[in-house]
Amino acid sequence: MANTYLTRTPSSTGSQQKVTFSVWIKRCTSGGETIYSIGGAVNQNYYVDLTFNSDFLEMNWYDGSGNHTIRTNRLFRDNSAWYHLVVAIDTTQSTASNRVKIYVNGIQETSFSSAEYMNQNQNMLFNTSSREIRIGQKVNGSGSANMIMSHFHGIDGTAYDASYFGSTDSTTGEWKIKTDVSVTYGTNGFFILKDGNSV
């Protein structure tokens with residue numbers, strides 16, 4: 001539901017180099033919508049977010065030196081379909097393209113119109129006590145999501161691939177949800193919207 005969002009600010013610091021977000025979504029409109037964002041109340045310019053921008057899926061981040069974007073060439077315009085999105089970040093990787101991996105319905109996205117990766121071993125903004133995570137909206141209050149979200153996992157300290165959260169149906173060949181997910185959530189991890197509550 002548009003303009004409805006959830007917030008959480010960690011009470012302690014976890015990993016700032018490894019994180020995974022997994023969520024099932026069904027879009028209700030096209031355009032620009034934020035799935036999640038992470039930022040700070042003092043300086044909103046320091047942020048990380050995952051959003052739809054003109055139906056492209058993109059991850060944006062700002063680290064004090066400039067804006068950076070990883071944007072798919074693929075468009076996501078089917079508002080009748082469920083998409084399973086996984087973003088796994090591990091800045092310790094020596095290969096830049098391995099530091100952010102984006103999966104849609106179990107398949108890793110590899111075609112990008114923009115691919116600006118963070119430096120090796122760079123500390124990001126997630127899992128710190130001063131940085132709010134907002135699900136369904138940017139931390140500055142813009143980009144409200146008009147979509148249904150389900151089974152939202154936030155993982156602190158591990159970069160998991162999509163196979164931990166879904167699998168391919170052997171009969172239909174379709175990507176389906178795993179309800180018996182076995183992961184380590186870490187210090188600030190969470191699992192919400194288990195029953196498909198709308199955001």
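Predicted model: local features only at pLDDT ≥ 70, side-chain atom pairs only at ≥ 80, totals over all residues.
User: What is the order of the strands in the open sheet of six strands?

Analyst: E2 (residues 18-27) and E12 run antiparallel and are joined by eight bridges, while E7 (residues 82-90) and E8 (residues 100-104) pair in the antiparallel sense over five bridges. E9 (107-108) and E15 stand at the edges with a single partner strand each, so one side of each is left without a neighbour in the sheet. With antiparallel pairing, the order is E9-E8-E7-E2-E12-E15.

User: Is threonine 20 buried or exposed?

Analyst: Threonine 20 lies in strand E2, and its bridge partner in E12 is isoleucine 155. Leaving aside neighbours within four places in sequence, threonine 20 is in contact with residues including Val86, His153 and Phe165. Because its relative accessibility is 0%, and buried means under 20%, threonine 20 counts as buried.

User: Which residue's backbone nitrogen does the side chain of threonine 20 reach at 2.8 Å?

Analyst: Among the residues in contact with threonine 20, beyond its neighbours within four places in sequence, are Thr158, Ala159 and Tyr160. The backbone nitrogen that its side chain reaches at 2.8 Å belongs to tyrosine 160.

User: How many of the 10 residues of strand E12 are buried?

Analyst: Strand E12 spans residues 147-156 and is mostly covered. Of its 10 residues, the number that are buried is nine.

Methods
Residues numbered from 1 in each chain as written. Heavy atoms only, no water. Buried < 20%, exposed > 50% of the residue type's maximum accessible area, 1.4 Å probe, protein only. Helix = DSSP H or I, 4+ residues; strand = E, 2+ residues; numbered from the N terminus. Pairing = 2+ DSSP bridges. Polar contact = N/O pair within 3.5 Å; in protein donor to acceptor, adjacent residues only side chain to side chain. Contact = heavy atoms within 4.5 Å.
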